[in-house]
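This report goes through one protein model, part by part. Please keep the sequence and the 3D view at hand while reading.

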Amino acid sequence: MVPAVPVLEPRPSLAIVGSAARFPVRRAFCIGRNYAAHALEMGGNPDREPPFFFMKLAEAIQPIENSAETPLAYPAMTSDYHHEVELVVALASGGKDIAEKDAMKHVYGFAAGLDMTRRDLQGEAKKLGRPWEIAKSADASGPVGPITPASDAFSLKGNIRLTVDGKVRQDATMAAMIWSVPEQIAILSRYFELKAGDLIFTGTPEGVAAVTRGQVMTVDIEGVTPITVRLV
Ligand code: MN
């Protein structure tokens with residue numbers, strides 16, 4: 001007799017605007033330095049060098065059900081927890097070597113998200129040439145709001161903004177992305193066979209900074225449900 005096998009928690013799932021169905025999260029890919037002014041603030045070169053990607057654990061995705069203020073746990077092992085406001089793309093299907101012109105056919109919808117980052121640990125990892133997971137995959141470090149299903153009405157050039165305690169910290173338009181959403185899907189699909197349920201965090205504009213317990217962050221991205229979280 002072997003011991004009873006463990007029962008896993010269900011994987012995270014996201015609310016869908018206009019439906020009681022849930023969107024199951026498979027993996028979360030993230031692109032680095034995808035807005036020129038943010039690349040500069042992180043000490044990078046904003047020229048169109050090839051994009052780079054990293055992962056956030058699917059278990060770090062924290063579903064935010066609606067636009068009401070929602071508590072978000074401040075993680076352990078950091079004293080420099082940074083906000084990165086990002087448009088999140090949810091895939092309905094995937095494949096390998098997806099052509100840029102076909103990429104948007106795989107998109108289920110869009111949501112407001114935060115790529116919360118233990119910047120102190122990331123800085124150390126960069127300095128020592130170590131991987132980023134402990135900086136990027138803290139528990140609850142990927143709050144994502146309800147998914148708005150893709151439609152012609154959604155503009156990938158709309159405004160993207162983050163306020164902290166009512167003060168604007170990040171404010172840009174998604175037209176400023178260095179690598180567009182279809183380009184990101186096409187390039188990622190050369191490295192991985194993309195699949196239904198995959199999320200892509202599409203990068204953050206300039207203005208990243210630390211937040212502390214008690215502070216309230218509001219993500220406003222044109223065309224999707226805003227989210228508001230209080231760090232606890
Ligand atoms: Mn990011």
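Rings of Phe, Tyr and Trp (its six-membered ring) count as a pair if their centres lie within 6.5 Å. The model described here is predicted.

## Aromatic pairs

By that rule the structure holds six aromatic pairs. In one of them, the ring centres of Phe 52 and Trp 132 are 5.8 Å apart and the planes stand at 85°, so this pair is edge-to-face. Phe 52 sits in the loop between helix H1 (36-41) and strand S4 (53-56), while Trp 132 sits in the loop between helix H2 (119-128) and helix H3 (133-136); the pair therefore ties together parts that are 80 residues apart in sequence. Ring pairs join Phe 52, Phe 54 and Trp 132 into a cluster.

How are the rings of Tyr 74 and Tyr 81 arranged? Their centres are 5.2 Å apart and their planes are at 70°, so the pair is edge-to-face. Tyr 74 and Tyr 81 are both buried.

## Strand S9 and its partners

Strand S9 covers residues 107-114, and seven of its eight residues are buried. Strand S8 (residues 85-91) pairs with S9 in the antiparallel sense, over seven bridges. At one of these positions, Leu 91 has Val 107 in S9 as its bridge partner.

S9 is also joined to strand S12 (residues 148-149) by two bridges, and the two strands run antiparallel. Here the bridge partner of Gly 109 is Pro 149 in S12.

Strands of a sheet pair through backbone hydrogen bonds, either parallel or antiparallel. In this model, three strands form an open sheet in the order S10-S7-S16, with antiparallel pairing. Strand S10 (117-118) and strand S16 (210-211) are at the edges with a single partner strand each, so one side of each has no neighbour in the sheet.

Strand S7 (residues 81-82) is joined to S16 by two bridges, and these strands run antiparallel. In this pairing, His 82 stands opposite Ala 210 in S16.

Note on methods. Residues numbered from 1 in each chain as written. Predicted model: local features only at pLDDT ≥ 70, side-chain atom pairs only at ≥ 80, totals over all residues. Heavy atoms only, no water. Buried < 20%, exposed > 50% of the residue type's maximum accessible area, 1.4 Å probe, protein only. Helix = DSSP H or I, 4+ residues; strand = E, 2+ residues; numbered from the N terminus. Pairing = 2+ DSSP bridges. Phe/Tyr/Trp six-rings, centres within 6.5 Å; stacked < 30°, edge-to-face > 60°.
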